[in-house]
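User: Hi! I'm new to this one, could you walk me through it?
Analyst: Happy to, let's take a look together.
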Amino acid sequence: MPLQDEIFPVPDWTPPSGLCVLRAKTSLASELPEIDRLASSAPFRRMQVPGGGMMSVETTSAGAVGWCSDRQGYRYTTHDPLTGRVWPSIPKSWTAFARTMAEQAGFDGFEPDSCLINRYAPGAKMGAHQDADEQDFTQPIVSVSLGLAGTFVWLGPTRVGHGHPIDVRDGDVVVFGGPARHGYHRVKTVRADPSGPAWRINLTFRRAQ
Ligand code: SIN
Ligand code: FE2
């Protein structure tokens with residue numbers, strides 16, 4: 001088993017300032033029709049990272065701009081490179097939901113212009129990174145977990161160390177902004193659940209431009 005998938009004990013933890021975990025705020029069942037509709041115009045696809053490897057998650061986007069990765073690097077684009085069309089709009093109900101979640105975490109006036117949709121089949125994971133390709137770091141990130149349970153690991157100011165694992169289940173929302181906006185984080189390998197849904201889906205709302 002790879003080192004980063006070790007289960008290790010975590011003492012009770014007070015999240016750092018700007019990081020907030022909100023539990024059971026929505027569900028995959030309620031959001032799946034919109035996800036299916038968005039994916040019918042901007043299909044899920046695996047993106048290449050600048051180093052040449054393929055991400056294990058499948059990705060698509062909604063909003064004025066969508067996050068993309070390829071050999072040239074990470075960036076936001078107005079058009080989906082797969083279809084050549086503009087990205088579909090973020091559903092109004094999603095924008096309102098993300099704004100409410102940001103408010104509950106103490107960040108008023110959140111206006112996302114991009115929603116990254118990550119789909120993790122069992123076995124998929126996301127390595128340590130910062131959300132750093134946006135132009136506006138005053139607005140928080142609102143990260144919505146749907147479907148299969150997963151472990152979101154908060155690493156903080158540096159990518160090294162075990163960090164703090166946060167179990168995220170269907171409908172849980174992690175908001176990070178202010179002093180936590182630049183925190184490193186990763187997602188452990190998602191495990192199958194024979195009685196659960198096929199995927200873990202994460203919606204990441206951002207102000208990119
Ligand atoms: C991400 O950081 O882009 C994804 C986070 C998650 O899947 O919970
Ligand atoms: Fe991220």
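Analyst: A term to start with: a contact here means heavy atoms within 4.5 Å. Among contacts between residues at least 6 apart in sequence, 75% join residues at least 24 apart. Please keep in mind that this is a predicted model.

User: Thanks! How many helices and strands are there in the protein?
Analyst: The protein has two helices and twelve strands. Starting at the N terminus, the order is β-α-β-β-β-α-β-β-β-β-β-β-β-β.

User: And how compact is the protein for its 209 residues?
Analyst: It is as compact as a globular protein of that length, because its radius of gyration is 16 Å, close to the 17 Å from the globule rule. The C-alpha trace spans about 45 × 40 × 35 Å along its principal axes.

User: What share of the residues is buried?
Analyst: Buried residues account for 50% of the 209. As for the surface, the protein exposes about 9700 Å², and carbon and sulfur atoms supply 54% of that area.

User: Let's switch to the metal. Which residues are the protein donors of the iron ion?
Analyst: For the iron ion (ligand 2), they are His129 (NE2), Asp131 (OD) and His185 (NE2), at 2.1 to 2.2 Å from the ion. Their spacing in sequence is H-x1-D-x53-H.

User: Where do Asp131 and His185 sit in the chain?
Analyst: Asp131 is in the loop between β6 (126–129) and β7 (141–147), while His185 is in strand β11 (residues 184–187). The two are 54 residues apart, and the pair links distant parts of the chain. Both Asp131 and His185 are buried.

User: What about the site of the iron ion, what do the angles among its donor atoms look like?
Analyst: The site has four donor atoms with angles of 90 to 173 degrees, and it is classed as irregular. To count as tetrahedral, four donors would need all angles between 85 and 135 degrees, so a wider angle rules that class out.

User: New topic: how many salt bridges are in the whole structure?
Analyst: A search finds ten salt bridges. One of them pairs Asp131, which also donates to the iron ion, with Arg206, at 3.0 Å from N to O. Arg206 is in strand β12, 75 residues from Asp131.

User: Are Asp131 and Arg206 buried or exposed?
Analyst: Asp131 counts as buried because its relative accessible area is 4%. Arg206 is also buried, at 7% relative accessibility. Salt bridges with shared partners join Asp131, Glu134, Arg181 and Arg206 into one network.

User: Nice. Which residue does Arg45 form a salt bridge with?
Analyst: Its partner is Asp80, with the closest N and O atoms 2.7 Å apart. Arg45 lies in the loop between α1 (28–41) and β2 (58–63), and Asp80 in the loop between β4 (73–77) and α2 (92–104).

Key. Residues are numbered from 1 along each chain as its sequence is written. Chains are lettered from A and ligands numbered from 1 in the order in which they are written. This is a predicted model: local features need pLDDT of at least 70, side-chain atom pairs count only at pLDDT 80 or more; totals for chains, interfaces and linings use all residues. Side-chain values use heavy atoms; hydrogens and water are left out. Donors are N, O and S atoms within 2.8 Å of the metal (3.2 Å for Na, K and Ca); water is not among the atoms, so sites may look incomplete. Four donors count as tetrahedral if all angles lie between 85 and 135 degrees; four count as square planar and six as octahedral if opposite donors are over 155 degrees apart and all others between 65 and 115; anything else is irregular. Helices (H or I, at least four residues) and strands (E, at least two) are DSSP runs, numbered from the N terminus. Buried means under 20% relative accessible area, exposed over 50%, partly exposed in between (1.4 Å probe, protein chains only). A salt bridge is a side-chain nitrogen of Lys or Arg within 4 Å of a carboxyl oxygen of Asp or Glu. The radius of gyration is taken over C-alpha atoms; the globule rule is 2.2 Å times the number of residues to the power 0.38. Accessible areas come from the Shrake-Rupley method with a 1.4 Å probe; for residues, only the protein chains shown count as cover.
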